[in-house]
Amino acid sequence: MVKFKVEENPSIEKTNEILKDGLKNKAIIIITACCRVFYEGRAKSNLELGDRVIIIKPDGSFLIHKSEKRNPVNWQPPGCTVKFKVKDDLMLIRSIRKNPKEILDVEISKTYMATYFIAKDYEELDLIGSEEDMANIIFYENPEVIEEGFKPIAKEKSISNGVIDILGKDKNGNMMVLEIKRVRGSLGAVSQLKRYVDNLKEENEGLRGMLVAPSITDSAMKLLKEYGLEFKEMHPPKKIKKEDIIKLDFFD
C-alpha cells in the first residue's frame with residue numbers, strides 16, 4: 001500500500017482522486033487551495049475566497065486554517081461524515097455533523113497541493129501529574145490551553161466563600177474564574193463555580209466562569225448553560241513512574 005501521495009497544482013479531477021483515495025484508506029488529507037467556506041448549524045457564517053489549508057482526519061475531524069493564528073477559522077469535530085463532488089469546474093467538499101446538526105461546505109476553485117498520508121500511530125501522550133498539575137500547566141506553562149489570549153493572574157485565590165483554582169483575564173480584559181476538576185464535571189462542580197462567580201461579578205463587569213475537566217455530565221452541561229457559564233475539555237496528565245521518564249536534552 002502506498003503510504004502517501006502528493007499532487008502539485010492538481011486539476012479538479014486529481015483533487016477529487018486524492019480525496020477519494022485518502023478517505024478510502026483512512027488517511028490524513030491535506031489540501032492547500034483557494035476556496036470559499038460556508039457554515040450552517042447553531043449559527044451561520046460565510047468566508048469568501050482566500051488561500052487556506054484544509055485538513056481532514058480519519059476520525060472525521062475537519063479543519064480549515066488561514067495563514068495566521070493557531071486555531072482553525074472553521075472546524076468540525078471527530079465523528080463527522082465527509083462527502084465530495086465535482087460541479088461546474090469546482091471541487092465541493094461537505095462535512096456533516098448529525099447531533100447537533102451542522103454542515104460545513106468548502107467550495108474549491110483552485111488547488112495548489114493535494115496530499116494524503118496514511119499514519120500509523122498507536123501511542124498515547126504520556127504526561128506526569130494530577131489535578132494540581134493541570135492547574136500548573138495552565139498557570140505556568142501554557143495558559144492558551146484554555147483559549148487564545150488567556151492570561152492567568154492568581155492561583156488558589158482565596159475569597160469569602162472558597163478558593164478559586166485560577167483567576168485570570170481573557171484577551172478582551174474580562175476577568176475569568178476557572179474551576180478545575182480531574183474527573184468528570186458534575187452538578188456539584190457547576191454549583192461551586194457559580195458561587196465563586198456570584199461572589200465576584202458585582203465588581204467585575206463581563207466576568208466569565210469556566211469549568212475545566214476531562215468531560216461533563218449532560219445534566220451538569222445543561223445547568224452550566226442555564227447559568228451562562230462555560231466548559232473547557234482538558235484531561236489530567238497521566239501518572240508514570242519516575243524511572244520511565246525519558247528526558248531529551250536537545251539543547252544541553
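Me: What percentage of the 252 residues in the chain is buried, and how is that term to be read?
Reply: Buried means under 20% relative accessible area, exposed over 50%, and partly exposed in between, with a 1.4 Å probe and protein chains only. In this chain of 252 residues, buried residues make up 39%. The model is predicted, so local features need pLDDT of at least 70 and side-chain atom pairs count only at pLDDT 80 or more, while totals for chains, interfaces and linings use all residues. Residues are numbered from 1 along each chain as its sequence is written, and side-chain values use heavy atoms, with hydrogens and water left out.

Me: How many helices and strands are in the chain?
Reply: Helices (H or I, at least four residues) and strands (E, at least two) are DSSP runs, numbered from the N terminus. The chain has four helices and 13 strands.

Me: How many residues of strand E11 are buried, and which residues lie on its two sides?
Reply: In a regular strand the side chains alternate between the two faces of the sheet. Strand E11 (residues 175-180) has six of its six residues buried, so it is largely enclosed by the rest of the structure. Met175, Val177 and Glu179 lie on one side, with Met176, Leu178 and Ile180 on the other, and both faces are covered.

Me: Which strands pair with E11, and in which sense, parallel or antiparallel?
Reply: Two strands pair if DSSP finds at least two bridges between them. Strand E10 (residues 162-169) runs antiparallel to E11 and is joined to it by four bridges; here Leu167 stands opposite Val177. The hairpin of E10 and E11 has five residues between the strands, and Gly173 takes a positive phi near 90° in it. With strand E12 (residues 208-213), E11 pairs in the parallel sense over five bridges, and Gly209 is the bridge partner of Val177 in E12.

Me: Which residues of the largest nonpolar core touch the most other members?
Reply: A nonpolar core is a set of buried Ala, Val, Leu, Ile, Met, Phe, Trp, Tyr and Cys residues joined through side-chain atoms within 4.5 Å. The largest one has 24 residues, and those touching the most other members are Ile31, Ile54, Ile56, Phe62, Ile93, Val106 and Ile108. Strand E2 (28-40) is among the elements that each supply at least two residues of this core; E2 gives the largest share, six residues. A second, separate core of 19 residues includes Ile159, Val197, Leu211 and Ala220.

Me: How is the aromatic pair of Phe139 and Tyr140 arranged, and why?
Reply: Rings of Phe, Tyr and Trp (its six-membered ring) pair if their centres lie within 6.5 Å; planes under 30 degrees apart count as stacked, over 60 as edge-to-face and the rest as tilted. The structure holds one aromatic pair. The ring centres of Phe139 and Tyr140 are 4.9 Å apart and the planes stand at 75°, so this pair is edge-to-face. Tyr140 is exposed, with a relative accessible area of 59%, whereas Phe139 is among the buried residues of helix H2 (residues 131-141).
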